[in-house]
Amino acid sequence: MPEHDLIVIGAGPGGYVAAIRAAQLGLNVGIVEKEAALGGTCVRVGCIPSKALLESSERYAEAKHGLDVHGIQLGEVGLDLAAMMERKDAVVKANTDGVAFLMKKNGVTRYAGTARITGPGTVVVHGQEGGDDDAQELAAEHVLIATGSKVATLPGVEIDGEVVVDSTGALAFDQVPGHLVVIGAGYIGLELGSVWQRLGAEVTVLEYLDRVLPGMDAEIAKEAQKTFAKQGMTFRLGSKVTGVQVKGRGKKKRAVIQVEGEEPVEADRVLLAVGRTPNTADLGLDDVGVELDERGRIKVDEAFRTTAKGFYAIGDVIAGPMLAHKAEEDGVAAVERIVTGAGHVDYGLVPGIVYTEPEIATVGKTEEALKEEGVPYVKGVFPYQANGRARAMDRTGGKVKILAHADTDRLLGVHIIGAHAGDLIAEAVTAMTFGASAEDVARTVHAHPTLSEIVKEAALAAGGASLHI
Ligand code: NAI
């Protein structure tokens with residue numbers, strides 16, 4: 001029986017990064033993955049392919065509508081969806097191959113198949129064939145569960161992969177839907193809704209709450225909704241979807257979406273994006289005493305130890321935001337805890353980014369949270385409109401909003417909507433990690449002309465006065 005110091009179950013961003021870090025720290029590591037390609041949801045059917053399509057569809061939209069202003073005239077702009085999908089698949093393959101290369105380079109042993117925990121320190125891997133003949137038993141002192149999450153379902157809504165799809169299906173439509181209904185105005189709904197809206201679909205977003213992007217700063221979310229509505233998306237807030245029926249046959253199939261207290265909505269395609277749930281089933285957790293919390297997530301302590309000795313868990317299967325970079329940090333901290341005894345993640349400073357156009361990025365506390373907690377704060381806002389680089393780029397929509405403690409000036413939250421928000425937020429995360437004040441950011445030299453000056457100006461605004469407005 002192969003023996004390892006550590007077996008990682010799941011080769012997503014949490015698991016594969018944990019495996020690399022563990023190997024760097026001298027452990028003999030094995031990693032088990034049931035999919036043929038490594039990289040998990042993020043690399044295969046999530047972050048990476050969606051960003052490839054967001055990039056392509058944005059270029060298409062720009063070629064169609066956004067270049068006149070620069071004095072660039074194109075002839076007729078056409079769409080080759082199959083070629084766009086091929087490029088996306090090639091981007092995914094480069095990344096999944098990259099993960100496989102990293103496993104090899106770091107001496108991590110790869111096991112192909114589905115892992116099941118069978119006892120303290122033992123895991124059985126069932127290959128594609130299934131059954132006992134195709135099973136291999138592994139032993140390890142430590143087992144790290146990094147099995148990620150799957151799409152949450154809604155009662156009355158069956159994902160058939162054709163008319164009613166999850167995010168994986170919406171990354172692979174073979175034609176642009178006439179009318180796409182998106183259920184849920186969260187990360188996935190807005191990103192993939194944007195992709196198909198840019199490519200020509202009529203997109204209606206049905207959202208249960210009275211706002212989009214729950215959890216994000218409300219002022220920024222409101223501006224996001226306004227911007228996407230201007231781009232052509234229709235939002236129906238306060239709409240609770242209670243079921244979807246598919247009628248018709250073959251190419252004529254259509255969906256009828258039932259909304260509580262409202263007329264049903266018809267669509268060619270439906271994207272269900274109402275969240276994700278942890279993958280904990282069929283892992284054998286009960287057999288060894290790994291306990292779940294009330295929301296089905298694996299309970300862990302500050303060292304990522306589960307309730308069963310020798311078993312650890314990270315990423316989407318434990319509490320916290322279901323984000324690839326959070327899973328990576330969990331993975332590094334978990335193995336460092338095992339090997340060195342130190343390692344931790346600051347969950348107050350996990351940035352969130354929605355890769356729409358414009359992007360939306362956030363870190364730290366929202367204004368609503370500060371109000372609720374009774375924390376005294378000052379607010380500095382600066383619009384892209386007043387930034388020279390943004391004007392030169394013709395990307396003047398959006399703003400940076402900085403929230404700092406009213407007494408200490410310590411940065412508490414930074415929220416951005418606008419071009420390259422996802423890159424600009426990195427400065428805020430670094431500053432906050434070092435406990436910076438708004439004045440620290442305001443007094444830092446920011447190159448001119450760059451969008452980063454908007455962050456500096458918002459920090460100046462928090463201190464009383466921006467220079468350029
Ligand atoms: P989400 O939690 O972001 O949004 C789900 C939305 O569906 C919420 O607004 C919720 O109120 C709504 N909803 C729930 N039930 C409903 C109903 N019956 N009718 C209408 N609306 C309903 O979940 P989403 O977008 O599915 O994303 C899943 C996870 O994947 C998230 O945790 C997110 O963090 C992650 N993700 C991150 C991305 C990024 O970092 N850019 C991109 C895509 C996903």
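Rings of Phe, Tyr and Trp (for Trp, the six-membered ring) are treated as a pair if their centres lie within 6.5 Å; planes under 30 degrees apart count as stacked, over 60 as edge-to-face and the rest as tilted. The structure to which this is applied here is a predicted model.

**Stop 1: the aromatic pair**

By that criterion the structure holds 1 aromatic pair. Select Phe173 and Trp196: their rings are 5.2 Å apart, centre to centre, with 55 degrees between the planes, and the pair is classed as tilted. Phe173 sits in the loop between α5 (167-170) and β9 (179-183), whereas Trp196 belongs to helix α6. The two residues are 23 apart in the chain, and the pair thus links distant parts of it. Both Phe173 and Trp196 are buried.

**Stop 2**

Is His179 buried or exposed? Its relative accessibility is 10%, and His179 therefore counts as buried.

**Stop 3: the cavity**

Rolling a probe the size of a water molecule over the atoms shows where empty space is left. The structure holds 1 cavity of 30 Å³ or more, and about 30 Å³ of space lies in the largest cavity. To display the lining of the largest cavity, select Val151, Ser167, Ile188, Leu272, Ala273, Val274, Gly275 and Arg276. By class, this lining has 5 nonpolar residues, 2 polar residues and 1 charged residue.

**Stop 4: the second largest pocket**

Move on to the second largest pocket, whose volume is about 1,300 Å³. Of its 37 lining residues, select the closest to the centre: Glu58, Gln231, Glu357, Pro358 and Arg395. Then colour the elements that each give two or more residues to the lining, namely α3 (47-66), α6 (187-198), α7 (218-231), β21 (398-405) and α12 (421-433). Which element gives the largest share of the lining? It is α3, with 9 residues. Sorted by class, the lining of the second largest pocket has 17 charged, 12 polar and 8 nonpolar residues.

**Stop 5: two cis peptide bonds**

Keep Glu357 and Pro358 selected: a cis peptide bond joins them, with omega at about 0 degrees. Pro358 is in the loop between β18 (352-354) and β19 (359-364). For another cis bond, go to the peptide bond from His448 to Pro449, where omega is near -5 degrees. Pro449 has its place in the loop between α13 (438-442) and α14 (452-462).

**Stop 6**

Select Asp394, which is in the loop between α11 (388-393) and β21. Although Asp394 is not a glycine, it has a positive phi of about 60 degrees. With a relative accessible area of 38%, Asp394 is partly exposed. Beyond β21, in the loop between β21 and β22 (411-418), select Asp409. Asp409 also is not a glycine, and its phi is positive at about 70 degrees. Why does Asp409 count as buried? Its relative accessible area is 19%, and buried means under 20%.

**Stop 6: helix α12**

Select α12, one of the elements that contribute to the lining of the second largest pocket. This helix has 13 residues and reaches 18 Å from its first C-alpha to its last, close to the 18 Å expected at 1.5 Å a residue. Its buried residues are Ala421, Gly422, Leu424, Ile425, Ala428, Val429, Ala431 and Met432. They cover an arc of only 165 degrees around the axis, which means that they lie on the same side of α12. An α-helix has 3.6 residues a turn, so residues three or four places apart point the same way. Turn the view to the face of α12 directed away from the buried side, which carries the exposed residues Asp423 and Thr433.

**Stop 7: helix α1**

Finish at helix α1 (residues 13-24). Its 12 residues should span 16 Å at 1.5 Å a residue, and the end C-alpha atoms are 16 Å apart, so the two values agree. How many residues of α1 are buried? The helix is mostly covered, with 10 of its 12 residues buried. To display them, select Pro13, Gly14, Gly15, Tyr16, Val17, Ala18, Ala19, Ile20, Ala22 and Ala23.

Terms used:
Residues numbered from 1 in each chain as written. Predicted model: local features only at pLDDT ≥ 70, side-chain atom pairs only at ≥ 80, totals over all residues. Heavy atoms only, no water. 1 Å grid on protein atoms, 1.4 Å probe; cavity = no way out; pocket = protein on both sides within 12 Å on 5 of 7 lines; lining within 4 Å. Points joined across faces, edges and corners; volume = space filled by probe spheres on them. Helix = DSSP H or I, 4+ residues; strand = E, 2+ residues; numbered from the N terminus. Nonpolar A, V, L, I, M, F, W, Y, C, P; charged D, E, K, R; others polar. Buried < 20%, exposed > 50% of the residue type's maximum accessible area, 1.4 Å probe, protein only. Expected span 1.5 Å × (residues − 1). Arc of directions from axis to C-beta.
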